[in-house]
Amino acid sequence: MSTIGDTYLYGSGRSDHDRLRVISEIHDGRTRELLRKAGFAAGHRFVEFGCGLGYVTRWAASEGAHATGIDLNEDHLMVATALADEAGLTTAEFRSANIYEPGLKPNSVDMSYSRWLMVRLNRPVDAMRAINAALKPGGVMVCEEADVSAVYTEPPSAAYADLRDICIEGGRQRGVDYSGGRRVHLWAKEAGFEIIYVDAYHPHYLTGEHKGFWNWTLRAAALGMVKEGSLTATRLEELVAGMNMADASPDTLIAHCRMHQLIAKKPDIKV
Ligand SMILES: C[S@@+](CC[C@H](N)C(=O)[O-])C[C@H]1O[C@@H](n2cnc3c(N)ncnc32)[C@H](O)[C@@H]1O
């Protein structure tokens, strides 16, 4: 798959599954803290949009929620379901739908969650409106979204900086905003939410298996651009060689994207 925006840039298959597993390893601890801060409770009707392999949905079910994971990608959903079955989670279900038309009963959901989804959509405000419609009055939307422009290295690697900027510009030309994490509160407000909480965190690595995650991620994004003809394979090879050098250097600090966190509430019905 090589499209972008309301369809999805990365293909499925083994390396995409690995990428989603690593996202879970890097972010799930903070996600759980954020969901608890937002008032997550056993018995909640919880929906994760763009659930990928369903790590957060399964966690929510294991904590006693009635949890639904929604995604466009059937292959991801198959794996997510198999992992839930393996864990004996009877209150986790996975369903194929587009976030714009999730097929959920209006006013039925206590808490929604999405991570790394809005920055990949052409119409994030409409997506949030769809979430708003599904939430109960007073229900809570929790989002964690990236600002990819925050990826940097020290000492500076021109290859990292160039591929980061190429990918952000490629996204912009297709109407998606990879730096949109910083605007997620504005999108939520426009979609009718009351903003409860914002914060951001920024993982940095000098060593370890997660250090090269953005090398891998930017490369996967750029492969779509090579297929479309907007980047040459030779240029991408040069950039990957430069990023590999930065990853291999024990003195090079690699900063991942900054993750923006949002808790927002659907207003209560006024009586
Ligand atoms: C980067 S992955 C993140 C997955 C998961 N949220 C996580 O953090 O591990 C983005 C996910 O959003 C899904 N997605 C993209 N566009 C979508 C849409 N319009 N409706 C529903 N899911 C979508 C993709 O299939 C993919 O599984």
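Helices (H or I, at least four residues) and strands (E, at least two) are taken here as DSSP runs, numbered from the N terminus. On this basis the protein has 8 helices and 10 strands. The model is predicted: local features need pLDDT of at least 70, side-chain atom pairs count only at pLDDT 80 or more, and totals for chains, interfaces and linings use all residues. Residues are numbered from 1 along each chain as its sequence is written.

The overall dimensions were computed from C-alpha atoms. Along the principal axes, the C-alpha atoms of the protein fill a box of roughly 60 × 40 × 35 Å. The radius of gyration, taken over C-alpha atoms, is compared with a globule rule of 2.2 Å times the number of residues to the power 0.38. For 271 residues a compact globule would have a value near 18 Å, and the 19 Å of the protein agrees with this. A residue is called buried if 20 or more other C-beta atoms lie within 10 Å of its own, exposed if 12 or fewer, and partly exposed in between, with C-beta atoms placed from the backbone. Of the 271 residues, 42% count as buried. Two residues are in contact if their C-beta atoms, placed from the backbone, lie within 7 Å. Among contacts with a separation of 6 or more, 79% join residues 24 or more positions apart.

A nonpolar core is a set of buried Ala, Val, Leu, Ile, Met, Phe, Trp, Tyr and Cys residues joined through C-beta atoms within 7 Å. The largest such core has 71 residues, of which Met 141, Val 142 and Ala 188 touch the most other members. Leaving aside residues up to four places away in sequence, Ala 188 touches Met 128, Met 141, Phe 193, Ile 195, Leu 262 and Ala 264.

Strand 5 (residues 135–147) is largely enclosed by the rest of the structure, because 10 of its 13 residues are buried. Two strands pair if DSSP finds at least two bridges between them. Strand 4 (residues 109–115) pairs with strand 5 in the parallel sense over 6 bridges, and Val 142 in strand 5 is the bridge partner of Tyr 113. Strand 5 also holds Ala 146, which is buried, with 25 other C-beta atoms within 10 Å. Residues up to four places away in sequence not counted, Ala 146 touches Trp 116, Val 119, Tyr 178, Gly 181, Cys 257 and Met 259.

A separate open sheet consists of 3 strands in the order 6-9-8, with antiparallel pairing. Its edge strands, strand 6 (152–154) and strand 8 (204–205), each pair on one side only. Strand 8 is joined to strand 9 (residues 253–255) by 2 bridges, and His 204 has Ala 255 in strand 9 as its bridge partner.

Helix 2 (residues 55–62) has 7 of its 8 residues buried, so this helix is largely enclosed by the rest of the structure. The buried residues are Tyr 55, Val 56, Thr 57, Arg 58, Trp 59, Ala 60 and Ala 61. Just after helix 2, Gly 64 takes a positive phi of about 100 degrees.

The ligand is surrounded by 20 residues, the closest being Gly 50, Gly 52, Asn 73, Ile 99 and Arg 115; a residue is near a molecule if its C-beta atom, placed from the backbone, lies within 6 Å of it. Helix 1 (residues 14–37) gives the most to this shell, with 3 residues. The shell divides into 10 nonpolar, 6 polar and 4 charged residues, where Ala, Val, Leu, Ile, Met, Phe, Trp, Tyr, Cys and Pro count as nonpolar, Asp, Glu, Lys and Arg as charged, and the others, Gly among them, as polar.
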